[in-house]
Amino acid sequence: MPDFIHDELNFEFLDEGPRDGAPILLIHGFASNKRVNWVSPGWVQTLTGAGYRVIALDNRGHGGSDKPHEPEAYMPEKMADDAAALLDHLDIAQAHVMGYSMGARISAFLALRHPDKVKSVIFGGLGIGMVKGVGEWDPIADALLAPSLDDVTHEQGRTFRKFADQTKSDRFALAACIKASRTLVSEDDIAKIKAPALIAVGTKDDIAGDPGALAALMSNAQAFEIERRDHMLAVGDASFKKTALSFLNDQL
């Protein structure tokens with residue numbers, strides 16, 4: 001698996017599809033990785049099959065990338081700069097960007113900090129929660145640090161602890177990440193994102209917040225509701241893929 005170094009950390013990434021295809025950078029969600037978020041649900045196959053060059057990194061603290069245990073390492077500004085550094089490493093001046101959940105927040109910071117690098121952006125699994133907040137996450141950090149799943153009673157905490165255990169994640173790195181990566185994007189800042197945007201959230205998602213409310217704050221955004229999908233299942237939904245491809249093709 002190819003890798004690169006940024007901010008004294010090593011990052012694994014994938015780079016698949018035609019070299020002359022329009023590049024799209026995929027940024028995965030919390031406690032996930034490039035394989036779980038993008039390969040297994042069929043996104044890489046779907047996008048490369050449509051002629052796109054697909055790049056996806058393991059965020060710091062996740063997958064095959066380095067995993068610092070200090071919360072300050074996981075500010076979304078730093079994680080957005082990691083993504084920008086990968087594009088620089090590959091000599092890609094501009095790309096479409098798609099992030100899911102935490103990856104959507106990172107994508108927003110990428111669009112704000114490096115607007116020239118972002119041709120269009122897809123926020124999956126995060127709507128107005130990007131601005132208003134997405135609930136109480138300290139119990140999730142506690143769940144990740146608990147001796148075992150049997151010690152966790154918080155419902156969302158159990159969900160994320162199970163997911164972290166299934167993906168064999170570094171729970172201490174994830175706990176540090178969840179403490180620092182929740183920085184909100186202000187209404188003023190979200191309005192500064194001028195790249196065309198698609199905001200896609202499951203109708204049963206109790207984490208993300210309303211996609212339409214977020215789109216209304218932006219000058220060039222559209223919302224898509226992924227029918228009958230919750231936060232975990234929406235990412236691989238066929239209607240999400242179809243809508244995302246249509247949106248991306250409109251930007252070519």
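This is a predicted model: local features need pLDDT of at least 70, side-chain atom pairs count only at pLDDT 80 or more; totals for chains, interfaces and linings use all residues.
A residue is called buried here when its relative accessible area is under 20%, exposed when that value is over 50%, and partly exposed in between, using a 1.4 Å probe and protein chains only. Residues are numbered from 1 along each chain as its sequence is written, and side-chain values use heavy atoms, with hydrogens and water left out.

N37 sits in helix α1, residues 34-39; helices (H or I, at least four residues) and strands (E, at least two) are DSSP runs numbered from the N terminus. Contact means heavy atoms within 4.5 Å. Setting aside neighbours within four places in sequence, N37 touches H28, G29, S32, W43, Y100 and V235.

Now let us look at the sheet. Two strands pair if DSSP finds at least two bridges between them. Eight strands make an open sheet with mixed pairing, in the order β1-β2-β4-β3-β5-β6-β7-β8. β1 (3-6) and β8 (221-226) are at the edges with a single partner strand each, so one side of each lacks a neighbour in the sheet. On average, and ignoring direction, neighbouring strands are turned by 20° against each other.

Five of its five residues are buried, so β4 is largely enclosed by the rest of the structure. R53, I55 and L57 point one way, V54 and A56 the other. Strand β2 (residues 9-16) runs antiparallel to β4 and is joined to it by four bridges, with L14 opposite A56. Strand β3 (residues 23-27) runs parallel to β4 through five bridges, and here P23 stands opposite R53. Elsewhere in the sheet, four bridges link the parallel strands β6 (residues 118-124) and β7 (residues 197-202), where F123 faces I199.

Helices pack on this sheet too. α3 touches β1, β2, β3, β4 and β5 (95-100), and its direction makes about 125° with that of β1. Helix α11 (residues 238-250) touches β3, β5, β6, β7 and β8, at about 165° to the direction of β6. For these angles, axes are lines fitted to C-alpha atoms (for helices, over the stretch in contact), and angles run from 0 to 180 degrees between N-to-C directions.

Helices also pack on each other. Two packed helices are described by the angle between their axes and the distance between the axes. Helix α3 (residues 76-89) meets helix α4 (residues 102-113) at about 75°, with the axes 8 Å apart. That angle makes α3 roughly perpendicular to α4; angles under 35 degrees count as roughly parallel, over 145 as roughly antiparallel, 65 to 115 as roughly perpendicular and the rest as oblique. In this contact, P76, E77, M79, A80, D81, A83 and A84 of α3 meet M102, I106, F109, L110 and R113 of α4.

A second pair is α6 (residues 138-145) and α7 (residues 155-166), whose axes come within 8 Å and cross at roughly 45°. α6 and α7 are therefore oblique to each other. P139, I140, A143 and L144 of α6 meet Q156, G157, F160, R161 and A164 of α7.
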